[in-house]
Amino acid sequence: MTPTESPPTLSEYRQREQSIAPVENLIERSGGETSEELLTLNFGPHHPATHGVLRLLVTLQGEVVRDLKPIIGYVHTGIEKTAEDKAYWKVIPIVERMDYLSYYFNAMAYCGAVETLAEVQVPKRAQYLRVIHLELNRIASHLIWLGTSVLDLGATSIFLYCLRERELILDLFEMSSGARMHTRYFQVGGVIEDIPTGFAAKLREFLKIMPKRADEYGAILNANEIVLQRLRGTCPLDAQTLLSLGVTGPLLRAAGNPWDLRKATPYSSYDDFAFKIPVGTVGDNYDRYAVRLAEIYESVKIIEQALDGLPEGPYITEDRKVALPPRHELATSMEALIHHFKLVTEGFRVPPGEVYNPIESPRGELACYVRSDGSSKPARVHMRDPSFVNLQALSHMTRGSYIADLIATTAMLDPILGGIDR
Amino acid sequence: MEVKREPIRRREGSSLSAGTVPVDAELLRVRRLNAPQLLRGGDLQGPNQPAHLEGTELERYVEERMLTTTLDKAVAWARSNSFFPLGFGLACCAMEQFHTAGARMDIARFGFEAFRASPRQADLIILAGRVSIKMAPIIRRLYDQMLEPKWAISMGACCSSMGVFNNYALVPADKFMPIDVHVPGCPPRPEALMHGILKLRKLVQDDPDMGWRERYGAVGTEERPEDA
Amino acid sequence: MPDATGLELLARELGDAAIETVYFRERATIVVDPARIRAVLQTLRGKGYAFMASLHGVDHYPEEPRLGVIYELLDMSAVDRIAVKVRVPLEAPRVESVTADWPTADHQEREVYDMFGVVFEGHPDLRRILMPEDYEGHPQRRDFPIGGEPVIFTRDEAKWLEARE
């Protein structure tokens, strides 16, 4: 096709694009007779582009998505039911495996709820350690999101770069708790163990590297023609619709609403740290990508401040009714022995009541609702998962766009099926 | 195993630069034939040793050795070194599966980095994550769509047994499909998954690991009903 | 959260739709008559609680009425949260669906239906969402067995083989 008389700055590809008529005009031009055939396509649970086992029933008119129905439940694990069967302490590893990329956040929401119910104070050092691990987990979650999303768009090397950074973070987790994922590091009342020597030094090294690496990702992706074509202007959704759909997190911030629970209702000493909230303007896929990339820098800042200001003190509450006594006390103190025995066999009892504890996870508002009936096992544990609620926005976002945009939007939505299905 | 390094014997009058030195071909042939005996710590000087065979006897000796390395073994070697895993991650174990494919624990060094999207092109399905009752028939259908020969690795505690969650919603993978290797862990480290895949490779090469009892000389420690 | 006085004033405004108020650990909950939940939520929306953060179910077994549905509302400008609760008995587990006013309730009401059996009247598409479509039973109810596989030890092997025949 010959280029039209457009300003010489537009590339030939873009000029050709402008001359292709949108679908609505085609139907009009064919005299209003719609020879449309709606095709229902099944993006089955096994598909290279769905993040986890998400099934989408897509109604297509040609290549344009007219409607979309997500079908979930393929990783339903009965986490909430299993949690009713276990003592409060033992629920922590169960609940961690829900939103499997942000395991510290799951544990934080649950521990915060139980701490509110049992009126347990968390010492300052434990709060700072919690913040450090939460923000490290936020970076790790965003790295996997970035790697898998641009893998869907075709950029395979970014995936390997992101995994390289994530290995550094998982090394830090392994240093502090012994496991890379699902670490059981957060306990009711604090953290299970203090950080070892060498952790701070390794963390500082990581904090020096991470912004530079994030700059590299930005340099590759921000002005990349393919990324711009696929993400800029595709599938925008305004903040009002998002709010009515219950969407929070980077999706809402990309649309312009700066709602972040770390700033609005600070928990675990977040108000001690100075950080900004990246906010987008249009709410299209590019803004969602940019907001998450910017959040990585902010998280690095928070960790630096937390590490610099890390206070001395206990790493778990001194309340022996809730937290295990240190092992050296068991040799000398009878009460410590009895407490240890009671905690390990039966677990601690929590006064009856109901609490809903929301925190800000990498995907939005993650909340834990705990109902206790006075015994040592919770009567109901419900995790309000952000991906579960955000998924309802997918059909609104992709109405009227192409299949390729659907793939990009699913990637930018950052759904974690473990959280959706629980 | 001690490796003896001997300088390559050179013919008189040749230059000393490596690479252009004409090596004694006969010496190399003798060494190649003696190598199995050397490795097994055998005797090189006996009457049936190939070093002393010449001419047609030597040719017959070599032919026999070639035939015992049958086509099956060669094919098994080829298959085991080029698994095409099906890109199939269910839950948390999928994150560790990504790390196995990442740069630190590189699955590509073994040749297994070609994750295929379609089950018809894959021969190894790595069930990474928990299998819920809604997903089980779909996995079975995927497994049926794969072409023979095919293998299955059950990665993680949730699909090998019920894992952390022993409840109504999960099903262990053994109940609906044959699994070759179970990798325990929650989630298993990338090294653990790699160990499992290499165990599968040994199995395919017809040299399966008989288990820890043989390794530790612990035969006789099995729990039997009559002993209870 | 509105403090205790604010909560009482709010409850008085709702009139006889509000059955009970609970102020616990600085969190406010209003228990409401199930027949009037939609109107109550609209009133609260008028007061500023325009964001529905969560809709989830509880089983209060053995207290009656057994099944509860909790609506968590959030006021973003005043940074205020309030929970609205309805309780329905097992024999008549019907609550009016609020999906028309709050589109976020769509999947969440389906989940409560799936897990507890509460039927939301007026919901556009009330089907099971997490369990398979033809599953029987509502797993999250407290009298539903947890299920799972029994752990088989080799010392019990004879018993299992016997039971199979």
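Of the 228 residues of chain B, 31% count as buried, a residue being buried if 20 or more other C-beta atoms, placed from the backbone, lie within 10 Å of its own. The model is a predicted one, in which local features need pLDDT of at least 70, side-chain atom pairs count only at pLDDT 80 or more, and totals for chains, interfaces and linings use all residues. Residues are numbered from 1 along each chain as its sequence is written, while chains are lettered from A and ligands numbered from 1 in the order in which they are written.

Chain B holds 8 helices and 4 strands; these are DSSP runs numbered from the N terminus, helices being H or I of at least four residues and strands E of at least two. Along the sequence they follow the pattern α-α-α-β-α-β-α-β-α-β-α-α. Of the contacts in chain B between residues at least 6 apart in sequence, 69% join residues at least 24 apart, where contact means that the C-beta atoms, placed from the backbone, lie within 7 Å.

How confident is the prediction for chain B? The average pLDDT is 75, and 60% of the residues score at least 70, on the predictor's scale of confidence in each residue from 0 to 100. Confidence in chain B is highest in strand β2 (residues 124–128), at 92, and lowest in helix α8 (residues 212–215), at a mean of 59. Over residues 10–21 of chain B, pLDDT stays under 50, and the model has 6 contacts beyond four places in sequence for them. Where pLDDT is low, the predicted coordinates should not be read in detail.

Turning to the neighbouring chains, 29 residues of chain B are in contact with 27 residues of chain A. Helix α4(B) gives the most to the side of chain B that touches chain A, with 5 residues. On the other hand, 24 residues of chain C are in contact with 32 residues of chain A. Here β3(C) gives the most to the side of chain C that touches chain A, with 7 residues.

Chain A itself contains an open sheet of 3 strands in the order β6-β7-β8, with antiparallel pairing; strands pair if DSSP finds at least two bridges between them. Strands β6 (353–361) and β8 (380–384) of chain A stand at the edges with a single partner strand each, so one side of each is left without a neighbour in the sheet. Strand β7 (residues 364–372) of chain A pairs with β8(A) over 5 bridges, and A367(A) has R384(A) in β8(A) as its bridge partner.

How values were computed: A residue is buried if 20 or more other C-beta atoms lie within 10 Å of its own, exposed if 12 or fewer, and partly exposed in between; C-beta atoms are placed from the backbone. Two residues are in contact if their C-beta atoms, placed from the backbone, lie within 7 Å.
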